[in-house]
Amino acid sequence: MSTITEYHDEVFEKVGPEFIFEDKTFVSCQFRSCELQNISFRNAMFSDCVFIECNIALANTANAKFDQTMFRESKISGVDFTNVNPFLLHLYFYDCYLQGCSFSNLKLNNAKITGCKISGCDFINSSLVSADFSKSIFSETLFENTDLSKADFSDAVGYDINPSINKIKKAIFSMPDAVNLLKTLEIEIR
């Protein structure tokens, strides 16, 4: 059994659920093509790390720290991010598939979630000021009491955002999907 608790500048390839992440620190590490179903990130710290082409499902994120952590071309499903450690929380998702994940009650200002497919996720009561959702495809994703001020939804499609229960001041939207912002007004557009 390994007693190593800190990893720096390491590359982990094709790691599976047998790898122990709990209570460990990862700094400037890369995780490539990892299959991480039902994994526990409990009390783990990731700083300047990147997950590339990983499959992460139903991960326990209790008190995990994600500082400048990036996910690229990865599938993340059923992950509840609501119980991560909020100190220095910075998450970035590029060209990922996010399914059934919860980001409720989190401060994710300046987050990058670009070119992603986002299905069945929720951002209820979250702060996403200046977040970048450009080129993302949304379906059945909840925004409620969410601060989306200055957020960028350029070329994003499928979002369902009610302006009366979310803050969208100075947010950027593209046509034709920007018309969806009028859905709750019960008006007819010709």
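Author: Start at the end of the chain, in this predicted model. I189 sits in the segment after strand 18, and that strand spans 172–173. P176 has its place in the segment after strand 18 too.

Look at the link between M175 and P176. This peptide bond is cis, with omega at about 5 degrees. Most peptide bonds are trans.

M175 also takes part in a surface feature. Together with V179, L182, L185, I187 and I189, M175 forms a nonpolar patch. The patch lies on the surface, and its members share about 560 Å² of accessible area.

Now step back to the whole chain. The protein chain has 18 strands and zero helices. Its radius of gyration is 17 Å, close to the 16 Å that the globule rule gives for 190 residues, so the chain is as compact as a globular protein of that length. Along the principal axes, the C-alpha atoms fill a box of roughly 65 × 25 × 25 Å.

What about the inside? Rolling a probe the size of a water molecule over the atoms shows where empty space is left. Searching the whole structure turns up two cavities of 30 Å³ or more.

Take the largest cavity. Its volume is about 40 Å³. F41, I56, T61, F66, F71, I76, V79 and F81 line it. Seven of these lining residues are nonpolar, one is polar and none is charged.

The second largest cavity holds about 30 Å³ of space. Its lining consists of L89, H90, L91, Y92, L108, N109, N110 and A111. By class, that lining has five nonpolar residues, three polar and no charged.

N110 is not a glycine, yet its phi is positive, at about 70 degrees. Most residues other than glycine have a negative phi. N110 is placed in the loop between strand 13 (97–99) and strand 14 (112–114).

Back to the end of the chain, then.

Notes
Residues are numbered from 1 along each chain as its sequence is written. This is a predicted model: local features need pLDDT of at least 70, side-chain atom pairs count only at pLDDT 80 or more; totals for chains, interfaces and linings use all residues. Side-chain values use heavy atoms; hydrogens and water are left out. Patches are made of residues with over 30% relative accessible area and no salt bridge: like charges are joined within 9 Å, nonpolar side chains (Val, Leu, Ile, Met, Phe, Trp, Tyr) within 5 Å. Accessible areas come from the Shrake-Rupley method with a 1.4 Å probe; for residues, only the protein chains shown count as cover. A salt bridge is a side-chain nitrogen of Lys or Arg within 4 Å of a carboxyl oxygen of Asp or Glu. Helices (H or I, at least four residues) and strands (E, at least two) are DSSP runs, numbered from the N terminus. On a 1 Å grid over the protein atoms alone, a cavity is a set of points where a 1.4 Å probe fits but cannot get out, and a pocket is an open set with protein on both sides within 12 Å along at least five of seven lines; lining residues have an atom within 4 Å of a point. Grid points are joined across faces, edges and corners, and a volume is the space filled by probe spheres set on the points. Ala, Val, Leu, Ile, Met, Phe, Trp, Tyr, Cys and Pro count as nonpolar, Asp, Glu, Lys and Arg as charged, and the others, Gly among them, as polar. The radius of gyration is taken over C-alpha atoms; the globule rule is 2.2 Å times the number of residues to the power 0.38.
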